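Here is my note on the model, for your comments. Please read it with the structure open.

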Amino acid sequence: MASEDLYAIAADWLKSLEVASSTGDATSFVSHFVLDGWFRDLLCFSWNFRTLSGVEKICGFLSEVADGKSRLEYSGLRDFKLDDHTANAPSPFKLPGLQGIEGVHGAFTFTITKPAALGRGFFRLTQDGDGKWKALTLFTNMQDLVGHEESSADQHGLYEGRKMTWEEDVDAKFRAIEADPTVLIVGGGQAGLTSAARLRRLGISALVIEKNPRVGDSWRQRYPNLTLHTPAYQTSMLYSPYPTTFPKYIPKGKIANFLDSYAVDQELCIWLSSSIASTPVYDSSSARWTVEVQRGDRKVFLNPKHLVLATGYGSPRIPTWNGMDEFQGALYHSDFHKNAEQFRGKRVVVVGAGNASGDICQDFVVHGATDVTMVQRSATCVISSSAMEQTYFKLPFPDGTPIEELDFRNNSMPAAFLLQLAISGGTQHTKMLDKELHEALRKVGFNLTWELSPGSGEVGLVGFLFSRLNSGTMLDIGCGKLIVEGRVKIKQGQDISHFDKDGVTFKDGSKLSADVIVLATGNEPIMKTTRALLGNEITEQLPPEVWGLDSEGELNQTYRPSGYPGLWFAAGSFEFSRFFSKHLGLQILARELGIA
């Protein structure tokens, strides 16, 4: 189809949709969808994240009353314009998994009347049974509040009308933030730093407290051979892409050092060697927290309006088995794996069969362990790095396209619909790319799955990401080959009965002798860390999970209202933080302006 035809199809549909929006006619608005179409809205029609499936539910949501008007009429989306000069200009698409589903997709801009804001949307149009072009998916996203747009640059140094140097200016701003931060961010990893950088650009003062003595230590302290399992382009930091000289898959040390420099370059106010000293208290009358912070050897009280928990994936999950204290070898969690060389010539057992287990098994093999056995207690979702590059990491844009365009397109797809696509054939397509690897793994007794539970459908890697933060998956960067070759042995399907001084015994009576046992058993849920920080009273008022999909297919509590005033969660990988930090900032800004 010619580009002129694509543009005309998109323009005609968008013009008609704008008429329905500007008149507040919800019935007319949803008539622009196929009957089982999807609508995802981030902050345009409510101060929350919503995903609706089917025209009846979409119409019901848009017809809900707000200040005497329907949501559609109240929000007043207008001035629809095709985004025809970006990488997301109208173009053809074909969806994986659903045979014959193809059409036209693209981005557009609009304005929001209440609150006064700028928005951007994304549509995927297909032809219905009558040949009419209608939306399979529609995404509406608040971009900025009018008059409070995100700033794009700083002015520093000596120039006309200003007598302050950059160092003096930053120092003065830091002193003001420390005296009265609007937002206190707990955790100086990538999610906390990204959130702080975004808030700063929105004019919101944010102080970060980090328990380690140096930014990036949470990466430095992890196992030696750790690298990102996602290409550098997709894991770049907000406002600051990695140097072109960085490798495609970045080692943990480079990430740690980059985060350290990022904090300086983005002028983030951070207290190092600092942590919450006692349970924070929220005062509803003043809408402020009282937070006692242990900063080095002294205690400081802060009264922020907002508390953002960016504490990572939780503390190590360390199961307990009888006899663990009798084992005479080395026993530790994978988070504390530091030096495989010291175990050269030794027998190694690694409990767990996910990403950390695969990396650590490789480390032991490379450093000459005599015998390495991976204990796989349940099936694992395995995908090779080459298959990932042909599917999930395959870029739809030319080199040099800003990562924000990819983020926008990716997040325009409702997560629940993405899982449907995976189940209906998307996962099967990805599996075919790894057919030889999977067959070879099965032959040596490695158990594979692409379902979260038996019979629930093959959601594949994306399902494990949304539901379990990729727990139970292995993005294979070499361990699969070692397993197939027998250099990493597999003990599969039997849970552990007990330990003794020589090793571990399984419930079927079999035994593995070992000199070192590593527990690659994952991390505790974020809510366990939350309970330790905030206490039972506040935690009991929150939904039971951070992360995981709610009934509509949006992530629980993450970068959206937590269910408790002034409390927010920043979690997830680089791409989630990069995109959703804007929404966190907009919600906090709206509350500070008194419009949310």
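Predicted model: local features only at pLDDT ≥ 70, side-chain atom pairs only at ≥ 80, totals over all residues.

1. The H11/H17 crossing. Helix H11 spans residues 403-411, and helix H17 spans residues 574-593. Their axes come within 10 Å. The crossing angle is roughly 90°. The range of 65 to 115 degrees counts as roughly perpendicular, so H11 is roughly perpendicular to H17.

2. Residues at the crossing. Which residues of H11 meet H17? They are Ile403, Asp407, Phe408 and Asn411. On the H17 side, the partners are Glu575, Arg578, Phe579 and Phe580. By class, the contact of H11 with H17 holds four nonpolar, one polar and three charged residues.

3. The second largest pocket. Its volume is about 330 Å³. The lining of this pocket counts 21 residues. Nearest its centre lie Gln143, Arg198, Glu404, Phe579 and Lys582.

4. Where the lining comes from. Strand S9 (133-145), H11 and H17 each supply at least two residues of the lining of the second largest pocket. Which element gives the most? H11 does, with five residues. By class, the lining of this pocket divides into eight nonpolar, five polar and eight charged residues.

5. The cis peptide. Lys114 and Pro115 are joined by a cis peptide bond. Omega there is about -10°. Pro115 sits in the loop between strand S7 (102-112) and strand S8 (117-127). Please inspect this bond in the model.

6. Asp67. Phi of Asp67 is positive, at about 55°, although the residue is not a glycine. Asp67 belongs to the loop between strand S3 (65-66) and strand S4 (69-70). Is Asp67 buried or exposed? Its relative accessible area is 68%. The cut-off for exposed is over 50%, so Asp67 is exposed.

7. Tyr239. Here too a residue other than glycine has a positive phi, near 70°. Tyr239 is placed in the loop between helix H7 (217-220) and helix H8 (252-265). The relative accessibility of Tyr239 is 28%.

Definitions and conventions
Residues numbered from 1 in each chain as written. Heavy atoms only, no water. Axes fitted to C-alpha atoms, helices over the stretch in contact; angles between N-to-C directions. Helix = DSSP H or I, 4+ residues; strand = E, 2+ residues; numbered from the N terminus. Parallel < 35°, antiparallel > 145°, perpendicular 65-115°, else oblique. Contact = heavy atoms within 4.5 Å. Nonpolar A, V, L, I, M, F, W, Y, C, P; charged D, E, K, R; others polar. Buried < 20%, exposed > 50% of the residue type's maximum accessible area, 1.4 Å probe, protein only. 1 Å grid on protein atoms, 1.4 Å probe; cavity = no way out; pocket = protein on both sides within 12 Å on 5 of 7 lines; lining within 4 Å. Points joined across faces, edges and corners; volume = space filled by probe spheres on them.
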